[in-house]
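Subject: Structure for you to look at

Hello,

Here is the structure I said I would pass on. Please open it first, then read the notes below it.

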Amino acid sequence: MDRRRFLTRILPGTTALVVVGGWTTPATAQLPGFPPVDSLLPDGDGLPGVAVDDFYDLGDNLIQAAAPTMTLMRLEMTEDGRALFELPRAEVGQGIDTTVAMMIDEELDIGMDNIVVTLSDARPELMFNQITGGSTNTRALYQPVSRMAAAAREAMAQEASARLGVPTSALVVGGGGIAGPDGIAIPYGSLSQATMVLGTPLGSATKPVADHRRLGTFQARTDALAAVTGRKQYAMDLDVVEDPLHCVAVHSPQIRGTLASYDEAAIRALPGVVDVTAIRSVPTLGIGEAPSYGLSTNPTALIVAGRTFGDALKAEATIEARGLATWTPGTQAGRGDADHRQDLVAATLPISPDLPGVEAVSGEFEFNHIAHAPLETMTAVAHTTDSSCEVWSAMKIPIPAQEEIAAQLGLPITSVTCHVVTGGGSFGRRLFHEAAAEAAIASRALDRPVKLMWSRQEDMRGDRLRPRTFHRIKVTKALGKAVAFEHRFTSGFTSFSHGFGDAVTSLIGHTTPAQYTFAQYIFELMMNQPYDLGLNTQLLNEVDHEINTGSWRAVYTGTGRAAEEIIIDELAASFDTDPLEFRIRNAKDEGLVRCLEWVRDNGGWGNPTPGTAQGIGANSEHRSNMAVMVELAEVEDPYPAPPGARGGPSNYRVTKAVMAFQTGIVMNRAGLEAQMLGHLNDGISSILRASIHIEDGAIQESAFSDFRYARMAHHPPEVLMHVFGSTTAESAEPGGAGETGIAAAAGAVANAYARLTGTAPRTFPINH
């Protein structure tokens, strides 16, 4: 019986089970005139379950929104034989520029060294095609970029055909040129006049996946050598303005506090300080709050300009130590973690009541605030005059940045130029552009070009946090099957005011019932419960704590699916089934089954290294699947927290990790493995170590010394990874890779911790 036919037959019966509640008919019961009940039930441990994400996910939404302006991209062949492509996405360490170069080389066979990928300035005409987020870059760009390269190849082939007097079918393309039957090749450079390609020619045939020779290989990043030798340039390294002031931005230690006063004379007298000013630059903060800008009204930042950054940073420290600036109480003055937890618990939507005689497996989980903490803090260079502004910064959504800066400065948008610069990490942080806005305003206020940076302390305290979350999960069982899966997900408000939401809402009326809230809509498109466990309901409720928040890698799934993976282990135990085999038996996606089976067969599942406990986690997201197995041991932390420090010790280390990732077409295997390692470290950190503490309205952490993210010494010494691709017609597209494994890794670590300690972990990180 196929899945859909089974659904139509079994759902009425499922409803009856819920209504009558106490019906405890065993699976072997038989009603007169009917076949045995268990003969109608599927082989797995649960009834079929369906989630919105099974059919349409966030990536589908964003790809649709971006599609109309893909025709505005440019690929150019130069006379010296190079291919130039302007990438309308931000490179923040994920390697998208290398992947796009591979797509171009796949069609042109020109060599990676002859492909130059630059980042596009803000171009309003690109609209939703200039958003970097949601693990959609590769998914959205693969077909358009490949077709552009194929069109360039066809154009040059036509020109070569005319010159050589032979049909294009007789030509051989590759090696940076096109050769005729006699073997004489014409270099691409001499054919380039015909090959300025705009947009995405629909008729251009790309190579079949089976013929790929570049895509699917291990390709080192094109910027790897520059990065490891220190030659790679980030915003602060650019020499693009004359005689800039070196500025740091000082903000309130209180969340959303504003500047009350400052001792200008004392600050100007500090060594190396050349100027100081107060500015307001706060993008939309919360629900219903409008942007408010200006140079002096309720300033939010003190800009200190020094002869060097060293001078400015020393001045910043002195201002805090000597109290040379005072601040108004923030929005959370007098409140802290316990208050926020209480708010979330109170706002959690109801779950179905327990019914007499009906078995259920349930749990409540909490995840604390966490910071983005990219290695490169928020930075920007700006030159603002009375009639124009030019800004350089790592901006993942530069068009709203351009609009906002123009509004702040009272300039037409055409007078503001936003240059997108490679960023040193993001994890969602650079969806917002505070540094670019502050630099633009500061340059106007100081009447000089500026280089502006946030110190590490400012970057931590002023971060847009991943909100705190609370989860109540319940799986109801009847007739020996899981018949209903309920997840009530309560979160602090996540701000999407950076422009990402505009792309989503551009299609919201076409794809979802109107009663869904915007956040619920994004939530439904991301959260995919990947197992057949009956009627599935995952509902989000948000509480606006008036805290600066933003998307953190794996926005909802990083906590939500991790919590679900813990319940899956406990559910498997209730069926007296091995947790890995339980997942295999009930997984909805064959790709997830492949991952789980590979991990089982190659990871030594069931035979842990002495002194360790094993844990398994899995996830399906962005049209990709991931399974992670870890071994966890209790060992002395090489970097223990000092006595009395928040968080306390975390004497647990993942000693072994085995990971399997399944996606559609594989692009860069090296890039995918790098993403998998990132997933693993995020999972280790968010379960065992790293969180933000809020006390009396202020973030307590200020550096990596107290924001205890996993270091190299906490990374497992043994990691085994495998990537599955697919060449089937149904999956001849790449999947997303930036977030899928985070929940899988987090779930695996939490489950290993439970097995090692004999506890049922509920609050994360463990050492908060």
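Leaving aside neighbours within four places in sequence, E364 is in contact with F470, H471, R472 and R762. Please keep in mind that this is a predicted model. E364 belongs to strand 14, which covers residues 359-367.

One of those contacts can be followed further. E364 and R472 are 108 residues apart along the chain, yet their C-alpha atoms are separated by 4.5 Å. Their side chains are joined by a polar contact of 2.7 Å.

Is E364 buried, partly exposed or exposed? Its relative accessibility is 38%, so E364 counts as partly exposed.

Helix 10 spans residues 398-409 and helix 11 spans residues 434-446. Their axes come within 10 Å and cross at roughly 30°. Angles under 35 degrees count as roughly parallel, and helix 10 and helix 11 are therefore roughly parallel to each other. The crossing of helix 10 with helix 11 is right-handed.

Which residues make the contact between these two helices? From helix 10 they are I405, Q408 and L409. From helix 11 they are A436, A437, A440, I441 and R444. By type, the residues of this contact divide into six nonpolar, one polar and one charged.

Regards

Key
Residues numbered from 1 in each chain as written. Predicted model: local features only at pLDDT ≥ 70, side-chain atom pairs only at ≥ 80, totals over all residues. Heavy atoms only, no water. Helix = DSSP H or I, 4+ residues; strand = E, 2+ residues; numbered from the N terminus. Buried < 20%, exposed > 50% of the residue type's maximum accessible area, 1.4 Å probe, protein only. Contact = heavy atoms within 4.5 Å. Polar contact = N/O pair within 3.5 Å; in protein donor to acceptor, adjacent residues only side chain to side chain. Axes fitted to C-alpha atoms, helices over the stretch in contact; angles between N-to-C directions. Parallel < 35°, antiparallel > 145°, perpendicular 65-115°, else oblique. Left-handed = near helix turned anticlockwise from the far one by under 90°. Nonpolar A, V, L, I, M, F, W, Y, C, P; charged D, E, K, R; others polar.
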